[in-house]
Protein chains: 2
Amino acid sequence: MGLCEGEIAPSNSAAGHDFDHRSIIQTIPARRTICHPNEWSEYISIICSGWATSSIALPDGRRQILSFLLPGDIASLAGLFEPVCGPLIEAVTDVSCRTFKRGELKSVLLSRQDLLEKMTRNLLEEKKQADELAVDLGRRTAEERLSRLILKLQERLAKRGMVRNQSFEFPLRQWQIADATGLTPVHVSKVLGELQRAKLIEIKERWLTILDLPELRRVADRCVIKVHFSGPRTG
Amino acid sequence: MGLCEGEIAPSNSAAGHDFDHRSIIQTIPARRTICHPNEWSEYISIICSGWATSSIALPDGRRQILSFLLPGDIASLAGLFEPVCGPLIEAVTDVSCRTFKRGELKSVLLSRQDLLEKMTRNLLEEKKQADELAVDLGRRTAEERLSRLILKLQERLAKRGMVRNQSFEFPLRQWQIADATGLTPVHVSKVLGELQRAKLIEIKERWLTILDLPELRRVADRCVIKVHFSGPRTG
DNA sequence: CGGATAGTTGAGTTATCTCAAATGCAGTGG
DNA sequence: CCACTGCATTTGAGATAACTCAACTATCCG
């Protein structure tokens, strides 16, 4: 069983080997809530197909999307130890997911060192992503945030074999992009428009194509002192 | 051994029971780097006294502080499985910390189910904090961010018995506060000034006092409307 | 004393937001 | 099949939170 992003084939037989029989496949229509925050739940889900969001909503309507969940991703590892999952999980598209009983999943994990280590690495990776998000939101411009979002999605989808010719399905609404980048839908529209007019990307019929990868990367890292180097470097 | 924030007494004998003898106490002067990002290191440290920061720096000088490390905190759990710790760890004040060999710490952890679970919970808590930071940076105003930073520090210090009468030592420079809140030092100065003129807090001689906790909470959660006060105006 | 580091304050700038109107598009029901 | 309603998106104009720059003061420390 792979708990690391991209390791799990997004098919139905994906998530578990030794305890598939203890899981249920569920289907959730687009825009529906998958998991309420601070609500008691016995279950933990892994996305098998479709996109979902994990977000935190403030009482006055503001909200921040913490991550987009793609096939193979676990909806809230946080739910493993606590009966409440913390963030709000919602389906972007129609989503199918495999659902496990919390207690069972936990005991299987705790009994197998290798799985446990995988889960820990997974959690560490999530933490790293969260840290990067904080940098994006705290210190990067709208252009950078949007370019980076696109590039990251592209990478993650590529790992799953869901990108062809720099094109991939892109079901996000602009208000969702806004909530993910800490911007306003209006501003997202403007900046996305600029990126398209500059021929860096194209968005059409819910598909996104990266037209100029190197340039998009430059915009995404407006800081990079263009080092073109000839070998692997680390510092 | 307590891996959860606040569980560890901030004394020297704090961090380990069964393997204290395998650790070294280190002292780092203020402003010095404790752990370089992306640099190979055999060691993992737990803060025993003093404050430190965990941050990510962009090549062009922008930086985002991800968290302040207080006595009892682990400097980068991420370092447990990877030889590089990711963020940059720096001492704010003089810091003393207990340092373990990565491999040894890891093997002890993996061999004891209870410790492992504690560590996992700890990691989940860190993730939760990171998520909240993202909400702050993405969706909250400067006033909110600063009030919340102060309140969170107060809570964490209180758990450690380091708060008396709503007062605690506050060694942070305004540029550090700026890097933690995604703001500019100049703007931090202005907003902090307002909070003080409004008698919500007082900062003097590296000590911070919360003068009006309920009101500060309200500002931190902007659920509430502007309160009129008759003191000096702020513009 | 002189030089570095911090903090404050004011003036002007800018990135991003708010509001609003216009367009498109997709699904519904008559 | 069409009118209708509800979402999404685009675009413009004006407002504002936060930024930059710069000058001034205070503090620390050798």
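1. A salt bridge here is a side-chain nitrogen of Lys or Arg within 4 Å of a carboxyl oxygen of Asp or Glu.

2. A word on the basis. This is a predicted model: local features need pLDDT of at least 70, side-chain atom pairs count only at pLDDT 80 or more, and totals for chains, interfaces and linings use all residues. Residues are numbered from 1 along each chain as its sequence is written, chains are lettered from A and ligands numbered from 1 in the order in which they are written, and side-chain values use heavy atoms, with hydrogens and water left out.

3. What does the side chain of Arg145(B) reach? The backbone oxygen of Asp136(B), at 3.4 Å. Beyond neighbours within four places in sequence, Arg145(B) is in contact with residues including Leu137(B), Arg140(B) and Thr181(B). Contact means heavy atoms within 4.5 Å.

4. Now the interface. In chain A, 42 residues are in contact with 41 residues of chain B. The area buried between the two chains is about 3,700 Å². Carbon and sulfur atoms give 63% of that area. Buried area is the accessible area (1.4 Å probe) that two parts lose on being put together, summed over both.

5. Between chain A and chain B there are 10 salt bridges. Asp179(B) and Arg139(A) meet in a salt bridge through their side chains, at 2.8 Å, N to O.

Definitions and conventions:
A polar contact is a pair of N or O atoms within 3.5 Å; within protein, one must be able to donate a hydrogen and the other to accept it, and residues adjacent in sequence count only if both atoms are side-chain atoms.
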